[in-house]
Amino acid sequence: MKKLSMFQTILLVVFGGLAIAGVLVFSLAIGGGETNTVGAVRIWGTLDQGAFATVLRQAAENNAQLAQVTYEQKDPATYDNELTNALATGSGPDLFVMRQDYALKDAGRVTVIPLSALSQSQFEGTFIEASSPFLTPSGVVGVPLFADPLVLYWNKDVLASGGFAQPPKFWDELFTMSQKMTTKDDTGSIVRATIALGEYRNIRNAKDILATLILQAGGSITARDTTGRLTPALTPRTGNTTQATASALRFYTEFADPSKNDYSWNRSLPEAQKAFAAGDLALYIGYASEDPFIARTNPNLNFAIAPLPQIRNSQSARNTARVYALAASRTSTNPNAAITAAFLLVSADIGKALSTALGIPSARRDIINQPATGNDDLFNKQAILAHSWLDPDPIRTAELFRAMIENTTSGSQLVTEAVQRGDQELGQILGL
């Protein structure tokens, strides 16, 4: 029998018996050689430098192939532009961390792993549902590494003062909670809010919260038609009588309406995460990765974390997550080494170590299915529930979501009008 190349062996170790045939084809397709070293591989991303460096150092001690793999943390505010410029000039990284909402937009930047190497069934059996944007008709554009799910942060003291021993499990509980816990001064101005919903500019996760509500309500934001073309799906199409987006938008903006009894938030208040950390917000919807920052900001804050609320009587629970993958740059001088390093870093042992170091779940089903305790168990379960949608351009769709929300809260458009306008603008973004 012909001796397996080192690259073939690596992938067999990474996926075990799950994808043996596929990875053999893949290793041959990209020309895996008989070398025992990966060589120099530079990785760029926005995730914590210290966590990556520690795990890479430990991994290199056990596997010399990773000795020259380095990671460099970039500023999230400038990451996309810096990456674009570096790739254009040929000075970019070999691997870069790609978030799932950029998978469609940045697909042209990567070396795609063909489906003949890593099939749809192998991909879906290995990685969680929310990883789906990285799986395209032409192949895999990124190897999923982490999943950062939305969760509910709750202030124990504020809820207790309102007579609540537990955070809400269902969204409709917020109506009563808001009426009992929102505190106003003599002028009617909000002093302590119940939950940050209803606005966009001072709610850092507004787009993702509203998108989650739409998906929970059974709706879609984009969808493929019978020809495989990506189309807008914010408004109902023929044969679909649901009004998921309108229902989600109506609920979301309810809490920013001063005429409602459950009025709890407005755009003049501080940014939501800061308000929660200061003790001026009872409930905050944020990502699992925000936990350490909130704890450091106010060590005296008596808070806990709970699952994201669901729609009462819904047949299935659903959440969303930011999924981070390793993508091999198309401009890399050694894509073989880059993809080998990517598969090594998502292997069971190293992937779990990175997940632990960063404090957010792995995107691998087998890792997050392992027993865990406390917040780790909660984060894993929320990641398992997470879904995604295909975002054609995260920056432009963020503006679209802002407009839907603010046109509703300002009263310039009815909810249905705001949704119809958003659907039209989404079509323009998609070039339709």
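Mentor: Before we start, a residue counts as buried when its relative accessible area is under 20%. Keep in mind too that this is a predicted model.

Trainee: Got it. How many residues of helix H8 are buried?

Mentor: H8 covers residues 206-216 and is mostly covered. The buried ones include Ala206, Asp208, Leu213 and Gln216. The count of buried residues in H8 is eleven of eleven.

Trainee: How do H8 and H16 lie, parallel or perpendicular?

Mentor: Two packed helices are described by the angle between their axes and the distance between the axes. For H8 and H16, the axes come within 10 Å and cross at roughly 75°. An angle of 65 to 115 degrees counts as roughly perpendicular, so H8 and H16 are roughly perpendicular.

Trainee: And which residues of H16 do the H8 residues meet there?

Mentor: From H8, the residues taking part are Ala206, Lys207, Leu210, Ala211 and Ile214. Their partners in H16 are Pro394, Thr397, Ala398, Phe401, Met404 and Ile405.

Trainee: What sits just after H8 with a positive phi?

Mentor: Look just past the end of the helix, where a residue takes a phi of about 90°. That residue is Gly218.

Trainee: Back to H9. What do its buried residues pack against?

Mentor: H9 is mostly covered, with nine of its eleven residues buried. Among them are Leu249, Phe251 and Tyr252. They pack against H7 (173-181), H8, H16 and H17 (415-429).

Trainee: Let's move to strand E6. In which sense does E6 pair with E13, and over how many bridges?

Mentor: E6 is mostly covered, with 13 of its 13 residues buried. One link to E13 is at Asp148, whose bridge partner is Arg322. E6 and E13 run antiparallel, and the bridges joining them number six.

Trainee: Which residue in E11 is the bridge partner of Tyr153?

Mentor: E6 and E11 are an antiparallel pair with five bridges. In E11, the partner of Tyr153 is Tyr284.

Trainee: And what is the bridge partner of Trp154 in E12?

Mentor: E12 spans residues 303-306 and pairs with E6 in the antiparallel sense over four bridges. Trp154's partner there is Ala304.

Trainee: Now the rings. Why is the pair of Phe123 and Phe127 called tilted?

Mentor: The structure holds 13 aromatic pairs. In this one, the ring centres are 5.1 Å apart and the planes stand at 55°. Planes under 30 degrees apart count as stacked and over 60 as edge-to-face, so Phe123 and Phe127 are tilted.

Trainee: What about Phe276 and Phe303: how many residues apart are they?

Mentor: That pair is edge-to-face, with 6.0 Å centre to centre and 85° between the planes. Phe276 is in H10 (residues 272-277) and Phe303 is in E12, so to speak distant parts of the chain. Their separation is 27 residues.

Trainee: Which residues form one aromatic cluster with Phe276 and Phe303?

Mentor: Phe276 and Phe303 are both buried. The cluster they belong to also takes in the two bridge partners Tyr153 and Tyr284.

Trainee: One last thing: which residue lies over the face of Trp44?

Mentor: Its distance from the ring centre is 4.1 Å. The residue is Lys74.

Technical notes:
Residues numbered from 1 in each chain as written. Predicted model: local features only at pLDDT ≥ 70, side-chain atom pairs only at ≥ 80, totals over all residues. Heavy atoms only, no water. Buried < 20%, exposed > 50% of the residue type's maximum accessible area, 1.4 Å probe, protein only. Pairing = 2+ DSSP bridges. Phe/Tyr/Trp six-rings, centres within 6.5 Å; stacked < 30°, edge-to-face > 60°. Lys NZ or Arg CZ within 6 Å of the ring centre and 35° of its normal. Axes fitted to C-alpha atoms, helices over the stretch in contact; angles between N-to-C directions. Parallel < 35°, antiparallel > 145°, perpendicular 65-115°, else oblique. Contact = heavy atoms within 4.5 Å.
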